[in-house]
Structures are given as C-alpha cells and as structure tokens.
Amino acid sequence: MENSTRIQEQQIIKDLLPQKFGKRGMTWTVILLLICLIGGYAYYRQLRDGLVVTAMRDYVSWGIYISNFVFFVAISLVGSLITAIFRLSNVKWSTPLTRIAEIIAVSAIVMASLIIIVDMGRPERFYNLFLHGRIQSPIMWDVIVIATYFCISILLLYFPLLPDLKILIKNKDKSGPGLNKLYRFQGSFWKGTKEQFRISNKSINILCILIIPVAFSIHTVTSWLFATTYRPGWDSTNFGAYFISGAFLVGAGSVVVAMYIFRRYYHLEKYITELHFEKMGRIVVLLALLYLYFNVNEYLVPAFKMKKPEEAHLVELFTGEFSVMFWFAIMVGMIIPIIILLFKKGRKPLPMFIAGAMIVVGAWFKRYLIVTPTLLHPFLPMQDVPLSYQHYFPSWEEWAIAMGSLAAALLIITFFARVYPIIPIEETIMEQNKQNEKDEA
Amino acid sequence: MKHNNSLFIFLLISMSFSLQSVRAQEKTSPGKTIVSLRYYNANNSVQYLVLQSQLKKEGQITPISGKKYDIFLDKSDPANLIAKVTTDKNGKANAFIPPTMKSAWDATSQHIFMVYEGGEEIISDYTISKAKMSIDTSTVDSIHSISASVQKWEDGKWIPAAGVEMKLGIKRLGGVLPAGDEESYTTDSSGNVTAELKKLNMPGDSKGNYILVAQVEDNDLFGNILAEKVVPWGTTLQPDKSFFNKRTLWSTGIQAPFWLLFMAFGIIVSVWSTMIYLIFQIVKIKKNGLQESA
Amino acid sequence: MSCNCNKNENSNSRRDFLATGLLATLAAAGCSTGNNPFEPEDKVKLTGEKVKLLSVNGEVIEIDRAYLKPVPDLPQLSNREERRGISGKKFVMVIDLSRCKNLKKCQSACNHMHQIHPGQNWIKVLSMEDNENTSKYWQPTTCMHCDEPPCVKVCPVDATFKRQDGLVLIDSDRCIGCRFCMAACPYSTRVFNWEENTQLEPEVAAQHYSCETSIPQKKGTVGKCDFCPDMTRQGELPHCVSACPNGVFFFGDMNEDSVSNGAETFRFSDLIKDKAGYRLMEDLGTKPSVYYLPPVARNFPYENGLETQEAADKLNNTK
C-alpha cells in the first residue's frame with residue numbers, strides 16, 4: 001500500500017517538474033524574443049520622434065495601445081475566476097488549473113502596466129502620478145487598483161508555490177545549481193509542518209476572498225475610463241458589468257488555450273484530463289452566453305432609440321466601415337464558440353482549443369471596436385484638420401509594439417513554466433492521496 | 001518652312017521662360033512696409049506717441065520688430081529730436097516728449113511730428129493741435145449724466161472745439177461701454193456733449209466705484225484724447241466663486257469631495273492593510289520553519 | 001486697466017501727482033489713474049527709475065521707465081500664481097454667428113501668436129448644419145473654459161486646472177500625455193503635440209514655459225485655446241478678438257457685465273437677452289463660458305465662406 005502511493009507520488013513529481021526546453025520550446029522562445037525586439041525597436045523610434053510615429057491623431061487620440069491595455073486587463077481577471085472563485089467553492093477539479101490561471105493573470109497585468117506607459121506622451125514624467133496625483137481622476141483609480149491587483153496576484157502565486165518549492169529544492173539534479181539557488185531563496189524555510197500549512201491555507205483563503213472585489217474593481221475602473229466621458233458608444237451605464245462579463249469570458253478562453261498547449265507539449269494528459277475540458281467547456285459556454293446578453297443590452301437598446309450622436313456610431317458598426325470587424329468579433333468571439341461548446345463532442349480538447357482561440361481573437365477585435373469607432377464620431381464635425389486626422393489604421397510601429405506586448409506576455413508565461421511547475425505538485429499529490437483513501441474505504 | 005517652325009518653337013520657349021521669371025518675381029515681392037504714428041493725450045497731462053511698423057505681404061499683416069526710427073518735432077534737425085526708438089516684438093514703440101523741448105512745445109498751438117528711418121523721411125505731415133478735454137458728471141432726480149468738454153488752443157487762448165466725435169461711457173476690459181444708446185457722441189458748437197447714463201446698476205469694484213471715460217480716437221486735428229473720472233455709481237463687485245476653491249470633482253487633488261476621499265482611501269486602507277497582514281503571515285511561516293529545523 | 005481705488009496706492013505716485021496741482025482733484029478721489037494712463041503700478045514690473053516727460057500744458061511729470069515700453073514688463077509669475085489666476089475677474093466670450101464669414105483670420109492670428117504646430121488649429125471655424133431644413137452657418141469654436149470642466153475632472157496629474165478667473169489652462173511641464181482630457185472633452189477642442197515643432201525658433205523653444213502664454217508648446221503634451229491671459233493681464237483683448245475684421249468675437253469680464261470686440265462694447269447681460277444667446281451642448285452640464293448669438297439677420301450669406309474653406313481644405317488634404 002505505502003509503496004504504491006509513494007511510486008504514484010514519484011510519478012507525479014517526475015511528470016510535473018519543469019522540463020527543459022526541447023527544440024520546439026527553443027524555437028517558440030526565439031520567435032517570441034524576436035517579436036519583442038522588433039517591438040522594442042519600434043518603441044525606440046517612438047521615444048525618439050514622439051507619438052507621431054503612430055497613426056493616432058487629434059480625433060482618434062486613443063488607438064490600439066489602449067485597446068491592448070483593456071484586452072490585457074480583461075485577461076488578467078481570470079486569476080480571480082479560476083483560482084479564487086473555484087477555490088472558495090471547493091471545486092476540486094480546478095486544482096491543476098489554478099497556477100496556469102494565476103500566471104496568465106500576472107503576466108497580463110504586467111503587460112497592461114507596460115503598454116499604458118508606452119501610450120503616454122511623456123513617460124519620463126510617470127512620477128507625477130505620485131507627486132501630483134488627483135484622486136478624482138479615473139486614471140488614478142486605475143493605477144491604484146492595478147498595483148493592488150498585481151500585488152495580490154503575486155501573493156496568490158507565492159503561497160501555493162511554497163510546498164512545491166520544497167519539492168523543487170529536493171530535486172536539484174533536475175533543475176541545476178542556478179535555479180536551485182532561486183528556489184532556496186524563495187522557500188527554503190518551508191518544512192511542511194501542520195502549523196505552516198494552517199497559516200498558508202488561512203492566508204490563501206483570505207487572498208481568495210480579497211481578490212474577488214479587487215478583480216471586479218480593476219475592470220470596472222478600466223471601463224470607467226470610457227464611461228465617464230460623454231461620447232456616444234461610451235456614455236453607457238452598462239459598461240462596468242459589460243466589461244467584467246467580457247473579461248471573464250476572455251480569461252476563461254485563454255485558460256482553455258493554455259490548458260491545451262501545456263497538456264500537449266508537456267504530456268500532462270493524466271492531470272489535465274478530458275473531464276477538465278468538459279467542465280471548462282460548460283463554464284465557457286455560460287460565460288459566453290452572459291457576455292452575449294450584455295452585448296445585446298449594449299447595442300440593441302441604443303439602436304432602438306437612435307439618438308443623433310449614437311446613430312452615426314451604431315450604423316457604422318452594424319453596416320458601415322467597421323461592420324466586418326464587428327460581425328467578426330460577434331460571430332467568432334461569441335456565437336460560433338457557443339455553438340461548438342453546446343455539444344458534448346465540442347467539449348473535447350481540440351475543439352475547445354479552437355473555440356478558446358476564437359474567443360481570444362474575437363475579444364481583441366472587440367476591444368478595438370470599443371475604443372476607436374467612438375472617437376471617429378465626435379459631437380462637432382471633424383473639420384479644419386488634415387485629412388489623416390479623419391481616419392485611423394495603426395502604423396507599423398503600433399502593430400510591432402502591440403504584437404511585442406502580446407509576445408512578451410507569452411514569454412513571461414513560458415519562462416514561468418520553465419522555472420516552476422505549471423501544475424501544483426503538492427496539491428496534486430494531496431488530491432491523489434485523498435482519492436486513494438476514498439477508494440480504499 | 002523648317003526655319004519658321006524652329007523659330008516659332010524658340011520664341012515659344014523663351015516666352016515661357018520669361019513668363020516664369022515674372023511669376024517668380026511676383027512670388028518673392030518684398031511686401032509693403034506700413035508705418036503709423038499716433039499721438040495720445042491722457043487726462044490733460046501725460047502725452048505720448050506710439051509708432052507702429054507693419055509689413056503687408058500677400059494679404060497678411062505682420063509686425064516688424066527691432067527697427068530703429070527717429071521722431072522729430074516740427075523740424076528734422078538734431079535739436080528737435082524727440083526720441084530714438086526701436087520697435088518691440090509687436091512692432092510698436094513708445095516715445096515721451098522730453099522736458100528740454102518745453103519752449104518749442106509752448107511756442108505754437110500746432111505741431112508736426114516727423115518720423116525718419118536712418119536719413120529717410122517716412123512720415124512728415126502728422127499734425128496735431130493742442131487740445132484739452134474735461135469730463136464732468138451731474139445727477140438730477142437720481143438720473144446720472146456724463147458731460148465732456150473739448151477745448152482747443154488757438155491764438156493764445158482756449159476756445160471750444162466743435163464736432164469732435166468721442167466715446168462716452170464706462171471703462172471696461174477691452175473698450176468703453178457707451179453710457180446711453182448711441183455708440184458715439186459729438187461735441188456741439190460750444191464744445192460740450194452730454195450723455196444720460198442709461199446703463200443702470202453696472203457692477204463696479206469692491207467699493208462700488210467704476211471709471212467714466214471720454215475717449216477721442218484718431219481725430220484728424222487732435223489725435224487721441226482720454227479723460228477719466230472715478231464715480232461711485234456702481235454696484236459692489238460680487239465675484240462668482242461657485243466653481244473655484246471648493247471641494248469638487250474638478251479641483252486639485254487635495255480638494256477632492258469628502259465622499260470620494262472616504263470611499264477611495266477607505267477601500268485602499270482596508271485592502272492594503274490586509275495585504276500587509278498577509279506578508280506578516282509569510283514571515284510567521286518562515287519563523288515556524290526555522291524553528292522546526294532548529 | 002482698472003482702477004485700484006480700494007488698494008493702498010504706491011505712495012510715490014500719490015506724491016507725484018499731488019506735486020502737479022492740476023491733478024489734485026483726482027488725487028482727492030484717491031485714484032492713481034490721473035498721472036498714469038497706463039497699467040496700474042502694482043501690476044507691472046517697475047524699474048524704479050523715473051523718466052521725465054513734458055505734459056500737454058508744458059509741465060514736467062515723472063513716470064517710471066517701465067512705461068517707455070509699449071507693453072511694460074509684467075512681474076514673472078510663479079506656477080502657483082499662474083494656477084490661481086486673476087482675482088475678481090470671470091472671463092466670458094460671446095461669438096456673433098450672424099457676422100462670421102469664415103475668413104479664418106482668428107485662426108491664423110491665434111496659430112501665429114501661440115506658435116502652434118503647423119497644421120493644427122486651436123480655433124476651428126466649423127461649417128454647421130443643425131438639420132437638413134435649417135440653414136448652414138459658420139461657427140468659430142474655441143475652448144469653452146467650462147465651469148464644470150470634464151477635462152479637469154479626469155486629469156490624473158493636475159496638469160490642466162480651473163482658475164478663479166474662469167480660465168482652464170494647461171501646464172505643459174506637468175502633462176504626462178495620457179490624452180484622457182482629449183477623450184473627455186465633448187467639444188473636441190484639445191490638440192496633441194504629436195511631434196517636436198521644428199519650426200520654432202531656438203530662443204522660443206528654449207524659453208521657460210508659461211501657462212499664461214502657452215509658449216513653447218512641448219512634444220507629447222496637450223494644447224488648447226487659453227483665452228490669452230497674458231493679453232488680458234495687460235488690459236488687451238485676446239488675439240482672435242482683435243484679428244477678426246468683422247467683429248465676430250466679443251470678449252469681456254462677467255463681473256464687469258461687459259464684452260467688447262475692440263470697436264464695440266456691449267453690456268453682456270443685455271446682449272445675451274436681446275439676441276437670445278445660447279451655449280453649445282448646454283444639456284451636458286459643462287457650463288461653458290462661451291455664448292453664441294444665433295445667425296439671424298446675417299451680414300453675409302453662408303456661401304461667402306466657401307472659398308476660404310476650399311483653400312483651407314486643399315492645404316489640409318495634402319497632409
């Protein structure tokens with residue numbers, strides 16, 4: 001009996017320890033680094049010449065940097081969903097997914113902060129936010145909640161990592177001296193005593209409770225960057241709930257994509273099983289239906305009234321310049337995934353991966369549609385300005401920086417998976433033991 | 001035939017070249033310099049001249065700065081030099097008549113001001129006659145009236161100046177608010193003009209005073225004359241402070257509304273104190289671990 | 001030029017004009033305007049040096065040398081003073097739409113005097129048509145200097161602020177270039193300096209930025225109409241007001257209840273009542289400081305402005 005549990009334990013540890021990069025891993029990392037470097041060069045050009053290198057002008061003064069920012073903040077909400085809400089509701093099958101969700105959340109929130117600095121006209125004056133900050137400004141609220149959420153997410157990564165650090169330190173032959181030093185620095189004091197577990201579990205519980213309102217406020221406050229203005233398309237009381245439901249959807253979609261990739265390339269089929277995909281599939285369908293509901297509220301209700309400033313904006317979304325993108329985002333981002341996931345066959349790993357990818361891509365375009373079309377419909381006509389001010393298509397620098405930020409987010413996740421086990425080892429072992437005890441009884 | 005054709009073509013080409021050079025000349029025409037001189041007499045004491053130099057080019061008028069001019073009184077010899085001036089960035093320059101020219105000034109009732117640039121004569125016929133203007137008020141049956149009287153110096157004595165057009169009213173930012181309904185008032189044969197104050201209850205300063213003004217602008221004979229008088233006919237100033245220095249959403253950060261300060265800092269303090277507590281829990285875990293190993 | 005009769009005047013100037021008996025009457029009124037028709041002495045930067053001049057009556061008067069300049073130097077304002085503004089004033093502008101012919105002289109004067117980036121305009125003269133049945137008209141649009149400014153509400157670093165004289169100004173030394181104010185402004189009046197202005201002269205580009213002159217505009221910050229507070233401090237009207245040949249712009253102080261376009265001066269409350277003045281987007285609750293007089297009894301038909309617009313559009317479409 002004891003032997004079999006220990007062997008099982010050894011097997012779990014062997015499977016879940018971080019693996020070195022194979023050829024595919026190296027290629028993936030190198031490509032991402034290249035994209036980041038091109039983005040870095042584009043940013044250098046922007047620092048040198050000013051924001052004129054972008055295609056943003058006086059009317060479309062916010063472009064894909066801001067829509068990328070909203071996209072990242074939206075994805076970062078997944079941490080609170082999977083980790084916090086599932087933990088608090090004792091959802092046992094979510095254990096393998098918690099760390100994936102947390103690292104997606106952390107990397108997304110880091111990139112959100114960086115991309116907002118990229119968008120600033122005077123990034124060197126960032127300290128003015130702390131020296132001369134105005135608490136009345138929604139940007140100030142955003143800075144505060146993002147910083148808070150980042151710290152909470154790091155803590156929520158750290159606490160559950162402590163038991164795994166012990167295992168990592170013990171298996172130093174697999175990790176090498178450099179990483180071993182890192183593990184020791186971070187968690188050599190963890191001995192696995194009852195007292196330590198008690199404190200750790202209590203802290204994790206507190207964090208889970210704390211992160212939920214903070215996560216809600218992070219995306220509500222980001223939505224208020226738009227909802228506190230008068231513009232058609234933004235002047236909506238619906239925005240907080242609309243953004244949060246969208247954030248949950250895109251976060252869940254990104255977790256599904258990550259689940260599939262890690263499962264396939266790290267051979268984790270025993271841990272991320274088809275059951276997980278089945279359960280996640282149901283949750284994603286529910287979230288997609290919820291988001292669709294909010295979209296109906298957001299677009300159909302003003303369309304019923306067709307107030308003058310909103311009319312031009314809505315017509316352009318439904319049938320005009322942005323109609324292709326709009327219907328693409330709706331179909332690919334919501335409707336087709338719903339259809340795929342409503343069927344049991346659709347909730348198998350591969351179809352779910354496709355649906356998840358569609359959700360994420362659709363969500364990116366949806367964020368673009370929230371930011372740019374409104375700015376092209378100001379209250380007063382666009383006159384007495386150069387022709388370039390009346391349209392917007394991002395310049396190559398903007399694309400490079402946006403892609404660079406996405407690549408950097410993926411890089412953070414990749415490096416994390418290289419250094420730490422992407423599925424919590426200790427918790428998996430404990431789950432396995434509990435399962436064995438149940439089976440024996 | 002062939003010769004005729006080539007000659008024709010040659011003529012065509014040379015004509016087009018000369019046309020182009022004419023057009024080029026038109027494009028780079030230097031523009032016209034406009035210099036103006038104005039005489040001001042304020043409250044029968046301070047008098048001064050304002051010189052303005054402008055460039056008119058392709059329909060646009062821009063000021064010329066840094067240009068030097070000499071202003072003379074009656075004659076263009078050094079003894080009669082009023083001042084050497086240089087125009088500022090707006091193309092304007094001020095000049096006062098120096099006390100040394102007292103005898104020349106008192107000698108005649110009319111004077112000619114001349115402007116020279118280097119040795120070149122720019123203005124030579126700006127003639128001003130001495131005049132004085134007084135402003136007076138009267139109140140009958142609580143109806144206020146303003147009257148102005150213009151006199152000119154002729155043959156050694158002051159005589160009334162008739163037909164002088166002026167603005168009569170209350171001094172405001174950027175101009176003179178007419179006292180009555182007419183935009184301007186003209187002196188009669190006795191050199192007087194009266195206007196009834198129809199603009200009642202105009203705001204004054206914090207004591208309820210405002211300044212009455214009689215202003216003659218660019219008169220052919222007398223130049224610009226100004227006379228002012230302070231009267232206590234205004235209502236006291238009640239500045240509208242409803243939008244400034246209060247706790248509002250648009251004040252500086254320190255003056256945020258209380259409800260916002262409560263909510264924001266309340267949330268921040270409660271969340272961050274919990275996080276600091278959790279960091280202490282990590283320390284506790286560390287202590288416990290070190291204890292166990294010891 | 002306002003009389004500071006409530007303040008304790010500079011004792012020097014009192015001595016000065018008491019010395020000249022003629023002005024004793026004005027001295028009795030306790031006002032310093034008698035001797036000095038220029039800006040009051042407490043508003044300019046005095047050199048301390050006196051200049052003697054001949055009066056109309058042949059008397060000798062003394063006046064500070066500062067007034068030899070047509071525009072006497074003003075004392076350098078601190079950032080704090082620039083943020084407070086001129087006390088006792090509440091600036092207001094009235095734009096008479098029945099007089100506007102789309103000459104865009106206001107635009108070129110403003111662009112020139114503030115050294116704005118070529119191609120950008122702080123004043124836009126818009127061709128407006130409220131609906132298909134109403135007539136078209138030309139509407140010059142400046143910053144509204146709202147009393148409840150949405151732009152000031154959202155600025156995270158206090159780079160744009162509302163002063164006690166009603167003006168909303170921008171501190172280009174503090175602006176971080178987040179452009180939230182541009183998104184928040186419903187009148188789309190703010191412009192952004194996307195690049196370095198290479199057409200600025202080096203001395204201008206190197207000088208210290210003043211919130212009141214808004215010069216020099218800096219790369220990566222926001223700019224907008226400022227109602228020319230440097231001009232109004234000297235008792236002059238803003239550049240657009242003086243530049244308009246048709247007298248479209250009226251500018252003044254609501255506390256004085258008067259607006260002027262340089263040639264004509266009207267009582268503000270009467271003007272708005274008689275000509276049914278209104279404000280743009282009143283229902284948004286921004287409380288703008290710019291009133292418009294409706295385009296009735298037009299001085300020029302709308303079509304007169306089309307030529308200038310074609311020329312301007314041609315220039316813009318090449319960018």
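What covers the buried residues of α11(C)? In this predicted model, the cover includes two strands of chain C, β4 (124–129) and β5 (136–141). The residues in question are C:Q309, C:A312 and C:N316, which are buried in α11(C). Viewed down the axis of α11(C), the buried residues fall within an arc of 65°, so they line one face of the helix. An α-helix has 3.6 residues a turn, so residues three or four places apart point the same way. The other side of α11(C) carries the exposed residues C:E307, C:E310, C:K314 and C:L315.

Chain C as a whole contains 11 helices and 13 strands. Of its 319 residues, 60% are buried. Among contacts in chain C between residues at least 6 apart in sequence, those joining residues at least 24 apart make up 62%. The accessible surface of this chain is about 12,400 Å², and carbon and sulfur atoms account for 50% of that area.

Over all chains, the structure holds 37 salt bridges. One of them pairs the side chains of B:K167 and B:E217, at 3.7 Å from N to O. This pair links distant parts of the chain, 50 residues apart: B:K167 belongs to strand β12 (residues 165–172) of chain B, and B:E217 to strand β16 (residues 210–219) of chain B. B:K167 has a relative accessible area of 16% and is therefore buried, since buried means under 20%. B:E217, at 44% relative accessibility, counts as partly exposed.

A further salt bridge is formed by the side chains of B:R172 and C:E256 (3.9 Å, N to O). Because B:R172 lies in strand β12 of chain B and C:E256 in the loop between β10 (249–253) and β11 (258–260) of chain C, the pair joins two chains. Both B:R172 and C:E256 are buried. Within chain C, the side chains of C:D165 and C:R163 meet in a salt bridge at 2.7 Å, N to O, and both residues are buried. Salt bridges with shared partners join C:R163, C:D165, C:E212 and C:R233 into one network.

On chain A, the residues A:I38, A:Y41, A:Y44 and A:W396 make a nonpolar surface patch of about 450 Å². Helix α2 (residues 23–49) of chain A supplies the largest share of the patch, three residues. A:W396 is located in helix α16 (residues 396–419) of chain A and is partly exposed, with a relative accessible area of 42%.

Technical notes
Residues are numbered from 1 along each chain as its sequence is written. Chains are lettered from A and ligands numbered from 1 in the order in which they are written. This is a predicted model: local features need pLDDT of at least 70, side-chain atom pairs count only at pLDDT 80 or more; totals for chains, interfaces and linings use all residues. Side-chain values use heavy atoms; hydrogens and water are left out. Buried means under 20% relative accessible area, exposed over 50%, partly exposed in between (1.4 Å probe, protein chains only). Helices (H or I, at least four residues) and strands (E, at least two) are DSSP runs, numbered from the N terminus. The arc is that of the directions from the helix axis to the C-beta atoms. Contact means heavy atoms within 4.5 Å. Patches are made of residues with over 30% relative accessible area and no salt bridge: like charges are joined within 9 Å, nonpolar side chains (Val, Leu, Ile, Met, Phe, Trp, Tyr) within 5 Å. Accessible areas come from the Shrake-Rupley method with a 1.4 Å probe; for residues, only the protein chains shown count as cover. A salt bridge is a side-chain nitrogen of Lys or Arg within 4 Å of a carboxyl oxygen of Asp or Glu.
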